[in-house]
Amino acid sequence: MAEEIKKAAAEEAAEKPAKKKAAKKSVKKEEAAEETSKKTFAAPNAHDYEVILEPVITEKSMALLQNAGKVTVKVNSKANKSEIKDSFQRLYKAEVKDIKVANQKPKEKSRGSRYKGRVGGYKKAVVTLKEGNAVDLFKE
């Protein structure tokens, strides 16, 4: 009985260094994966500022940003999804997962009953960010 206990203790002692080495290797692999996943972005250029005009700040867009990681921005009416994606990544230094684009139609507004006016239409993009990315729209 004592011999069996000694053998079991010896086997456990032999397994511990192997487990530690395996754990260290897995930690190193995770660190290497994190380093490679940290993407560096090119510096923004003048064209990026022509494509992405400004963020849309509404109650709905703020709820989307906090809950779903989606950012709503006004974009140039002639911009396409690939231009928007590249410009957004360079400006905000965040990886983009998906982009939805919509054209907002112009609206007529009245001031009282006498004076009519128009609010111009624009193109907006709802940009979905990849997990682990965040954007601060209120930087100074």
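This is a predicted model: local features need pLDDT of at least 70, side-chain atom pairs count only at pLDDT 80 or more; totals for chains, interfaces and linings use all residues.
The structure holds four salt bridges, and three of them are described here, one after another. As background, side chains of opposite charge can pair when their charged atoms come close.

Let us start with K74 and E54, whose side chains meet in a salt bridge with an N to O distance of 3.2 Å. This pair links distant parts of the chain: K74 sits in strand β2 (residues 70–75) and E54 in strand β1 (residues 52–55), 20 residues apart. K74 has a relative accessibility of 23%, so it counts as partly exposed. E54 is partly exposed too, with a relative accessible area of 39%.

Next come K130 and E95, which form a salt bridge with their closest N and O atoms 3.6 Å apart. K130 is partly exposed at 37% relative accessible area. E95 has a relative accessible area of 17%, and because buried means under 20%, E95 counts as buried.

Finally, K100 pairs with D98 in a salt bridge, and the closest N and O atoms are 3.4 Å apart. D98 is partly exposed, its relative accessible area being 32%.

For quick reference, here are the pairs with their distances.

| Salt bridge | Closest N to O distance |
|---|---|
| K130 and E95 | 3.6 Å |
| K100 and D98 | 3.4 Å |

How values were computed: Residues are numbered from 1 along each chain as its sequence is written. Side-chain values use heavy atoms; hydrogens and water are left out. Helices (H or I, at least four residues) and strands (E, at least two) are DSSP runs, numbered from the N terminus. Buried means under 20% relative accessible area, exposed over 50%, partly exposed in between (1.4 Å probe, protein chains only).
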